[in-house]
Amino acid sequence: MGSIETSAPWLLENGTIKRLTKDSRNGHGHSRTAHNMSSSSLRKKSDMTLLSKLPFSCLRHFLASLHEVILGTKLSILFLAVPMAFAAHYFRFSQPCIFCMSLLGLIPLAERVSFLTEQISFYTGATVGGLLNATCGNATELIIAVFALIQNKVDVVKYSLLGSILSNLLLVLGSSLLCGGLTNISRDQKFDRKQSDVNISLLLLALLCNILPLLYKHADAYDQGPSADVLHTAKATLNLSRACCIIMLLAYFAYLAFQLWTHNHIFEQQEEGVEYNMESSNDESAVIGLWGAIFWLTGMTVVVALLSEYLVDTIDEASTSWGMPLSFTSIVLLPIVGNAAEHAGAIIFAIKNKLDITLGVALGSATQIAVFVVPLSVIVAWTIGVDMDLDFSLLETGSLSVAILVTAFTLQDGTSHYLKGLVLLLCYIVIGACFFITDLPDDYKHNHTGVRLE
């Protein structure tokens, strides 16, 4: 079969070596998303020299695939946390230990899910690949939300999703603009406003849909006074939230059509001028066969689901043992660690003066969570009989409002410098400090983070 050259990525299909490049992809116009390009900054070149000497082709193919999936990332050392999390759960270690191992194990898994969806897109073409990435881009957050809803932990769902939005808008974008501005301190960094304007518009729509249930609840209580029917108000708030979620999902599907078909040129501009070195050469061609990528993606999703279940089971005990409010653990700690790989990629591209990719990562992820994952969580809760609304309480909704508005004003002129990044980062620190010192009583959390109807 010949030696396996590292300079010519190969496919593991039908026992033959075959190079699949941009010109031979299905669709002849494959468009790599900012999420994929950000994750690619953490990948490393694979050396298949030793594997090429194995006598059995099936074993050679399997080990080569395993090598690409497990060792093809600079975060591969963190894969050790996955079996450690399983062992900690099996041997009934302390819950904070299980929480930490599960959280660390999710870091490389999230990056590998992005890698595998990109590998599949080499075969399916730009449209199906884009839809697959839109579905799996925030798979970790969605899986955690589903397991939390099954356990009726509505507050954990709301906190974690809110934290993901705040993290992307303030922490990721702020850190990226700060590092990029300091690296390119002699000049303002420029970016295309068209993409950011689209995302900001959708974020404002999501903000409106989150504000309305909160405003309705307080307005109804004010109008009725002491004689207010709390159960009727809660029911109306829940119905309004579900209606808003349907509207947001329609807006998200329109956004997909806008991004993938009618105005895809706006989002493809971020690829111009991106230089690929030897370490990122694997991103130019498929390195895993289609069925191999589907197999690994299915396996990774199952492992993510198991670790997410451990995470949800232990988050309360971990927060208590560390002396942290549940809100701080869910809003600040969970998104920072869970999306560390994606965040690092965004910062790397900002330093390289590729702000369009950075904005695609930060704003794209925040938009996907706000108008897809949040409303989908409400719909999933509806189907399984859990009453989850969009009333995130005054403190959480106020933080979300400030984050979106500050981000919108920061990006309004199409240029960036380090001071803009510093302001966004300081806003995140202030919000994080607020949730760290806020230890809300259980009756407040019961009345404001979930709706329980008889």
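Does tyrosine 310 count as buried or exposed, and at what relative accessibility? Tyrosine 310 counts as buried, at 9% relative accessibility. Buried means under 20% relative accessible area, exposed over 50%, and partly exposed in between (1.4 Å probe, protein chains only).

This is a predicted model: local features need pLDDT of at least 70, side-chain atom pairs count only at pLDDT 80 or more, and totals for chains, interfaces and linings use all residues. Residues are numbered from 1 along each chain as its sequence is written, and side-chain values use heavy atoms, without hydrogens and water.

**Confidence**

pLDDT is the predictor's confidence in each residue, from 0 to 100. The protein chain averages 79. Residues scoring at least 70 make up 74%. Where pLDDT is low, the predicted coordinates should not be read in detail.

**Aromatic pairs**

Rings of Phe, Tyr and Trp (its six-membered ring) pair if their centres lie within 6.5 Å; planes under 30 degrees apart are stacked, over 60 edge-to-face, the rest tilted. The count comes to 9 aromatic pairs.

Phenylalanine 86 lies in helix α3 (residues 81-90) and tyrosine 310 in helix α11 (residues 290-321), so their pair ties together parts 224 residues apart in sequence. Helices are DSSP runs (H or I, at least four residues), numbered from the N terminus. Phenylalanine 86 is partly exposed, at 27%. Tyrosine 90 is exposed at 63%, and phenylalanine 91 is exposed at 55%.

Conventions: Helices (H or I, at least four residues) and strands (E, at least two) are DSSP runs, numbered from the N terminus.
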